[in-house]
Amino acid sequence: MIVLASDHGGLILKQPVIEVFDELKLPYRDIGTNSTESTDYPLWGYKAAQLVASGECEKGIVMCGTGVGISLAANKVKGIRCVVCSDCYSAKLSRAHNDANMLALGGRVVGPDLAKMIVRIWLETPFEGERHARRVKMIMDIERDQKLAL
């Protein structure tokens with residue numbers, strides 16, 4: 001299950017992202033917003049990240065005007081590795097090398113067609129593991145306030 005959330009600035013990308021879920025026959029949970037009324041992106045990023053961190057949802061896709069604010073909120077939740085992507089290459093490597101479990105998009109930065117490409121690539125790219133697993137573990141160690149040796 002993939003959780004989907006946006007504020008009013010990311011709402012424009014919600015339907016294109018849902019189209020990708022439908023094409024790939026992936027179950028999703030849309031937690032809001034579904035209105036163009038101004039709303040606070042930290043609430044949506046936090047709520048979606050909690051569902052991913054708890055294991056209730058495997059991955060999350062969140063959207064705001066730039067993708068930046070909502071990703072910052074999501075990344076404050078332990079266990080979340082949320083990446084803002086505006087291009088397909090970063091989307092691919094964020095999964096392959098960083099095992100990103102959340103994707104953030106900007107409704108004022110990427111158009112619907114590019115958003116669909118980014119989402120499809122992000123969802124279809126597996127984590128490569130091996131040397132990358134060591135690095136992801138280091139990132140998670142930082143989150144647990146463990147010191148890294150330089």
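1. Contact here means heavy atoms within 4.5 Å. By that rule, helix H4 (88–96) is part of what covers the buried residues of H6; helices (H or I, at least four residues) and strands (E, at least two) are DSSP runs, numbered from the N terminus.

2. Before going on: this is a predicted model, with local features needing pLDDT of at least 70, side-chain atom pairs counting only at pLDDT 80 or more, and totals for chains, interfaces and linings using all residues. Residues are numbered from 1 along each chain as its sequence is written, and side-chain values use heavy atoms, leaving out hydrogens and water.

3. Back to H6 (residues 131–143): its 13 residues reach 19 Å from first C-alpha to last, close to the 18 Å expected at 1.5 Å a residue (1.5 Å times one less than the number of residues). His-132, Val-136, Met-140 and Asp-141 are its buried residues, buried being under 20% relative accessible area, exposed over 50% and partly exposed in between (1.4 Å probe, protein chains only). Just after H6, Asp-145 has a positive phi of about 60°.

4. As for the overall fold, the protein chain has six helices and five strands, in the order β-α-β-α-β-α-β-α-β-α-α along the sequence. Of its 150 residues, 46% are buried. Among contacts with a separation of 6 or more, 70% join residues 24 or more positions apart.

5. On extent, the C-alpha trace spans about 45 × 30 × 25 Å along its principal axes.
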